[in-house]
Amino acid sequence: MPRTRHLPVNARRSLVTVTPSLLAAVGVLSVFLSLRDRLPGRMATHIGPGGEADGFSGQGSFLAVALGVLIGDAVLFGGLVHWMRTNPGPQRVVAVIGGAVAVLTGWLVVAVLLANADVDDPESVTLPGLQAALAFGAAAVYAALGWLICGRVEEGETSSEPPADAARLSLGASETAVWSRTTGSRVLPATGVLVLAAGLVVGITTGWLSALPMLVAGAPLALLTGARVTADRRGITVAPTFASWPRLNIPLERIAEAGNRPVSPFREFGGWGYRIRPGASGIVLRTGDALVATLATGKEFVVTVDDAATAAALLNALADRERRTPAGG
């Protein structure tokens, strides 16, 4: 059995994300120092679609940007993996993408350095399309290996299954309870991370101004797609996993009945995120079990989350007790 199996799952995923960035940074620095005397003062740093140089910079600035991107990759994706530790499914996707981006970036930077070695005119530098193909191939191989190393969701990362017949929890007259669980999307974080990754590649090859829209668009998708769902005497509260605001609350008095059922975001709501359609609204981040509250207006409020049956049973019990309590009592 591989030794990595003895590491906690979060540690394995952090290593999958951060290690390629650090190794690539060391490799880029080593290749740069070994070739420094053979590199032109004005280097070709961007290769156009035809394989010919169309962007240039000094040695120092090129090295600083390359190392900054690789270290930034480690910080960005390593931070995301740490923050997403309560959402193990999306966390695994982000960990693999972060490591693969580092492999791709490191390969391309080294290829550019080698292409500049011993040239008299940097405008004559070319980079065969094979190098790009090899870079993407290496990233894909690493992604596959990283996916295996990250491992599946282990026992203990998720809660136990709810009782199948729990329509209402049994609460004493003075007892209260709180149910809380995190939920996340596989599609939205992966999309956000891919957009960020594309922004990094565009930034290092074309320019950061061109990459800015992708970085700005990708960051919210990557960061704000997890949510904490809470069911208690206040009703249903949904807030971002990593912040207390913005939050959405459905008060207990508005809930006529709560239940759970499977939900398909695209088929039922036309996509992922906060969705509104005739007769229903909610936060749908993935396909699967969902907490479904039928409101006093007859409309539904839906949140996709595991263990939804337990949340529904608690809400029904609390709502029953509130309806039995006289006003002002």
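I began with β8, which is joined to strand β9 (residues 280–284) by five bridges, the two running antiparallel; strands here are DSSP runs of E of at least two residues and helices runs of H or I of at least four, numbered from the N terminus, and two strands count as paired if DSSP finds at least two bridges between them. Within this pair I found Arg 277 opposite Ala 280 in β9.

I recorded that the model is predicted, that local features need pLDDT of at least 70 and side-chain atom pairs pLDDT 80 or more, while totals for chains, interfaces and linings use all residues. Residues are numbered from 1 along each chain as its sequence is written, and side-chain values use heavy atoms, without hydrogens and water.

I then traced the whole sheet, which is open, has mixed pairing and consists of five strands in the order β7-β10-β11-β9-β8. β7 (255–263) and β8 (273–277) are at the edges with a single partner strand each, so one side of each lacks a neighbour in the sheet.

Next I followed β7 to β10, where eight bridges join the two in an antiparallel run and Glu 257 stands opposite Thr 294.

Last, I looked at β10 and strand β11 (residues 300–304), which pair antiparallel over five bridges, with Ala 293 having Phe 301 as its bridge partner in β11. The two strands form a hairpin with four residues between them, and Gly 298 in the turn has a positive phi of about 95°.
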